[in-house]
Amino acid sequence: MRRTVTPPDRGPPASASGAQAHYRALEHLYASAPINNLFESRLEITAPGVARIAFDVDERVYHAAGAAHGTIYFKMLDDAAFYAANSLVSDRFLLTTGFNLHFTKPVRAGKVVAEGRWISGKRRVFIAEAHLTDEEGDEIGRGTGTFMRSRIALSGLDGYRLPG
């Protein structure tokens, strides 16, 4: 069986402007994903290992009991943690290999923010956490994810580019 080896991560670009370009390209990648056409959401990478997604919850994402379905919690927590981790990797797309989610409060409508933060790992496996807060500032969910470097080059993805 032939084995493909992924070269080690070169790390984020050395210059601050290179890192900022990487963050903007990741934000564009998020916006270009077809799944994100279904949600009013916006990703912002604010620092190395930190990502924030603001989104709106309304009745379009309700379960039968009239509150946001858990898929919304998972998607936004996973995305925030994922992009926090991928902000530290400038050459490869990461893949979610596991995610542990805790629901702490139902949400029915309004602005919600998912904030992700890298915790550990810098070569092949990364761990990041995220939490969701509602308009009142109450936590409504939290999760921890494990992400692994893939063989997919970021530079080969159509959405990974500076907007414009």
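Author: Contact here means heavy atoms within 4.5 Å. This is a predicted model: local features need pLDDT of at least 70, side-chain atom pairs count only at pLDDT 80 or more, and totals for chains, interfaces and linings use all residues. Residues are numbered from 1 along each chain as its sequence is written, and side-chain values use heavy atoms, with hydrogens and water left out.

Reader: Fine. What does Y83 touch, not counting residues up to four places away in sequence?

Author: Y83 touches L26, L29, Y30, L43, I45 and A51.

Reader: Is Y83 buried or exposed?

Author: Buried. Its relative accessibility is 6%. Buried means under 20% relative accessible area, exposed over 50%, partly exposed in between, with a 1.4 Å probe and protein chains only.

Reader: Which aromatic pair does Y83 form with F82?

Author: An edge-to-face one, 4.7 Å centre to centre with 85° between the planes. Rings of Phe, Tyr and Trp (its six-membered ring) pair if their centres lie within 6.5 Å; planes under 30 degrees apart count as stacked, over 60 as edge-to-face, the rest as tilted.

Reader: And why is the pair of F82 and F93 tilted?

Author: Because the planes sit at 55°, with the ring centres 5.2 Å apart. F82 lies in helix α2 and F93 in strand β3 (residues 92-103), so the pair ties together parts that are eleven residues apart in sequence. F82 is buried too, at 6% relative accessibility.

Reader: How many aromatic pairs does the structure hold?

Author: Six. One aromatic cluster is formed by Y30, F82, Y83, F93 and F147.

Reader: Switching topic. What's the fold pattern along the sequence?

Author: α-β-β-α-β-β-β-β. That is two helices and six strands. Helices (H or I, at least four residues) and strands (E, at least two) are DSSP runs, numbered from the N terminus.

Reader: How do β1 and β2 pair?

Author: Antiparallel, over six bridges, with β1 at residues 41-47. Two strands pair if DSSP finds at least two bridges between them. I45 stands opposite A51 in β2. Their hairpin has two residues between the strands, and G49 takes a positive phi near 80° there.

Reader: What about β2 and β4?

Author: Also antiparallel, with eight bridges; β4 covers residues 110-120. A54 has V113 in β4 as its bridge partner.

Reader: Which residues of β2 are on the covered face?

Author: A51, I53, F55 and V57. The uncovered face has V50, R52, A54 and D56. In a regular strand, side chains alternate between the two faces of the sheet.

Reader: Now the largest nonpolar core. Which residues have the most contacts inside it?

Author: I53, F55, M76, Y83, L132 and F147, in a core of 39 residues. The largest share, ten residues, comes from α2. A nonpolar core is a set of buried Ala, Val, Leu, Ile, Met, Phe, Trp, Tyr and Cys residues joined through side-chain atoms within 4.5 Å.

Reader: Loops next. Where does N36 lie?

Author: In the loop between α1 (16-32) and β1. N36 counts as buried because its relative accessibility is 10%. Beyond its neighbours within four places in sequence, N36 contacts Y30, S41, K75 and D79.

Reader: And H63, where is that?

Author: In the loop between β2 and α2 (70-86). H63 is partly exposed, at 34% relative accessibility.

Reader: Last one. How much of the protein chain is buried?

Author: 41% of its 164 residues.
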